[in-house]
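Trainee: I've got this one up on my screen and would like to go through a few side chains with you. Can we take it step by step?

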Amino acid sequence: RFNMKILLREVMIEKDITYQELAKRSGVSKSTLHRIVCGQMYTPIEYLEKIAKSLNIKITDLFDSDYK
């Protein structure tokens with residue numbers, strides 16, 4: 001099974017953005033963002049795209065992978 005760590009929390013800290021502000025910008029709920037950060041859910045690419053766009057980063061910036 002392939003696991004890839006989502007770096008959303010690290011990016012949020014770097015960008016100094018709260019769950020509430022990111023939820024507002026991205027249209028992804030705070031609870032969903034929290035579950036993504038905690039690794040409690042499979043994250044659809046559509047969510048990752050919305051999040052990356054709202055943070056003005058590439059989707060690949062949200063991942064930690066040996067294949068990046």
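This is a predicted model: local features need pLDDT of at least 70, side-chain atom pairs count only at pLDDT 80 or more; totals for chains, interfaces and linings use all residues.

Trainee: Okay, and how many salt bridges does a search of the whole structure find?

Mentor: The cut-off is a Lys or Arg side-chain nitrogen within 4 Å of an Asp or Glu carboxyl oxygen. The side chains of E21 and R25 meet that way, at 3.2 Å from N to O. Searching the whole structure gives a count of one.

Trainee: How far apart are E21 and R25 along helix 2?

Mentor: R25 is partly exposed, with 49% relative accessible area. Both residues sit in helix 2, four residues apart, so the separation is about one helical turn.

Trainee: Now S26. Is S26 buried or exposed?

Mentor: S26 belongs to helix 2, which covers residues 19-26. Buried means under 20% relative accessible area. The value for S26 is 8%, so S26 is buried.

Trainee: Which backbone atoms lie by a polar atom of the S26 side chain?

Mentor: There's one on each of two residues, L22 and V28. For L22 the backbone oxygen is 2.7 Å from a polar atom of the S26 side chain. For V28 the distance is 3.2 Å, and the atom is the backbone nitrogen.

Trainee: And which residues does S26 touch beyond four places away in sequence?

Mentor: Leave out residues up to four places away in sequence. Contact here means heavy atoms within 4.5 Å. That gives K50, I51 and S54.

Terms used. Residues are numbered from 1 along each chain as its sequence is written. Side-chain values use heavy atoms; hydrogens and water are left out. Helices (H or I, at least four residues) and strands (E, at least two) are DSSP runs, numbered from the N terminus. Buried means under 20% relative accessible area, exposed over 50%, partly exposed in between (1.4 Å probe, protein chains only). A polar contact is a pair of N or O atoms within 3.5 Å; within protein, one must be able to donate a hydrogen and the other to accept it, and residues adjacent in sequence count only if both atoms are side-chain atoms.
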